[in-house]
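Hi,

Here is the model we talked about, sequence and coordinates together. Have a look, and then read on for what turned up.

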Amino acid sequence: MRLRCPVCHAEAALEAWAEDDAAREMMALLSALDATLARPLVAYLGLFRSGSRALSWERALRIAREVLALDANALRLAAALSQTVEQLRVKRDAGDVRPLTGHNYIKRVLEGMPSGAVAAVERAQDAPRRIERAPSATVDGVMRLEALKRRARGVGEV
Amino acid sequence: MSEAAPGWLVAEVAEGIQRLLVLRLDGCPPADAVEAVALAWADALMVRGGAWREDLDSPRLREAFRRLAAHATRWPAPAEIWQHLPARPAPPRLQAPPTPPSDEERAKIRALLQQARQHLVR
């Protein structure tokens, strides 16, 4: 069975995707996220794809981990991802089709995000699906380790 | 007393623990303990491994965690990483002489060795 990613346009047999370590890890990561965060995250990954090349699983996984480590508040991050995707899609529609190469844009969005933006997203959720902090223990753990990696690489000894 | 783990080693171990964490294996540590788990793994590697070098060992550790993730059916102990750690790359070998010595050169070398022996046993 062949599957095609609607965002990054990578196409391969399901068996091949399951064989790829990074693809498997990416699927595990996404399945651990609440849909509120997973959907804008997948759309955000699509912004890194160039017009001519599919995004490799290794790179997609790295980008996903990096962006999940940007903010521990899943709702705030989901809101920032949605806002980034919307704003960059407008730019793309206007003819600027350059792929993203880093997270500076979303960092600026996060910096400028008023608390009301998160509240608006929160209000839009069904009450049982509200999440106050990390969407799952797995992602919470991944984010903590991402922070540890940054600290470890930033200083000589930990 | 072993030295504290260098930053690059902690970062590699944290990357490996991330890889294991997303597999959600039985016995997986709670999210609020993963940093302590990564630091304990790095310390265990220092106690048993000793002289780690980033240029030689960083790719080996990454590969070891990759293999461990492929084989683990429940959350592993730090000792299991050693079963999956590839050997360090062999140092480059000395190149063979471009051409083997000729018969004349061999005879000359033998004569020099003979002279040396006579000089030594005199």
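Let me begin with one helix pair. H1(B) and H3(B) come out as roughly parallel to each other, because their packing angle is under 35 degrees. The angle is about 15°, and the axes of H1 (residues 7-21) and H3 (residues 54-71) of chain B sit 9 Å apart. Bear in mind that this is a predicted model. H1(B) goes past H3(B) in a right-handed crossing. On the H1(B) side the contact is made by B:Trp8, B:Glu12, B:Gly16, B:Arg19 and B:Leu20, and on the H3(B) side by B:Glu54, B:Ser58, B:Leu61, B:Arg62, B:Phe65 and B:Ala69.

From H1(B) you get B:Leu9, B:Val10, B:Val13, B:Ala14, B:Ile17 and B:Leu21, which meet B:Val34, B:Val37, B:Ala38, B:Leu39, B:Trp41, B:Ala42 and B:Leu45 in H2(B). So what classes of residue does the contact of H1(B) with H2(B) have? It has 13 nonpolar residues, with no polar and no charged ones.

Stepping back to the chains:

- Chain B has 5 helices and 0 strands, which run α-α-α-α-α along the sequence. Of its 122 residues, 22% are buried. If you take its contacts between residues at least 6 apart in sequence, 73% join residues at least 24 apart.
- Chain A has 8 helices and 2 strands, and its pattern along the sequence is β-β-α-α-α-α-α-α-α-α. Buried residues are 32% of its 158. For contacts in chain A with a separation of 6 or more, 76% are between residues 24 or more positions apart.

Now for the part where the chains meet. In the interface, 23 residues of chain B are in contact with 20 residues of chain A. Both H1 and H2 (34-49) of chain B supply at least two residues each to the side of chain B that touches chain A, and H1(B) gives the most, with 10 residues. That side of chain B divides into 16 nonpolar, 2 polar and 5 charged residues.

Which residues have the most contacts inside the largest nonpolar core? They are A:Leu41, A:Ala64, B:Val10, B:Val13, B:Ala14, B:Ile17 and B:Ala38, in a core of 55 residues. The elements giving two or more residues to this core are H2 (21-32), H3 (35-46), H4 (57-68), H5 (74-93) and H8 (137-154) of chain A, along with H1, H2 and H3 of chain B. H5(A) provides the largest share, 9 residues.

Leaving aside residues up to four places away in sequence, B:Ala14 touches A:Leu145, A:Leu148, A:Lys149, A:Ala152 and B:Ala38. B:Ala14 also belongs to the H1(B) set that meets H2(B), and B:Ala14 is among the residues with the most contacts inside the largest nonpolar core.

Cheers

Note on methods. Residues numbered from 1 in each chain as written. Chains lettered and ligands numbered in written order. Predicted model: local features only at pLDDT ≥ 70, side-chain atom pairs only at ≥ 80, totals over all residues. Helix = DSSP H or I, 4+ residues; strand = E, 2+ residues; numbered from the N terminus. Buried ≥ 20, exposed ≤ 12 C-beta atoms within 10 Å, placed from the backbone. Contact = placed C-beta atoms within 7 Å. Axes fitted to C-alpha atoms, helices over the stretch in contact; angles between N-to-C directions. Parallel < 35°, antiparallel > 145°, perpendicular 65-115°, else oblique. Left-handed = near helix turned anticlockwise from the far one by under 90°. Nonpolar A, V, L, I, M, F, W, Y, C, P; charged D, E, K, R; others polar. Core = buried A, V, L, I, M, F, W, Y, C linked by C-beta atoms within 7 Å.
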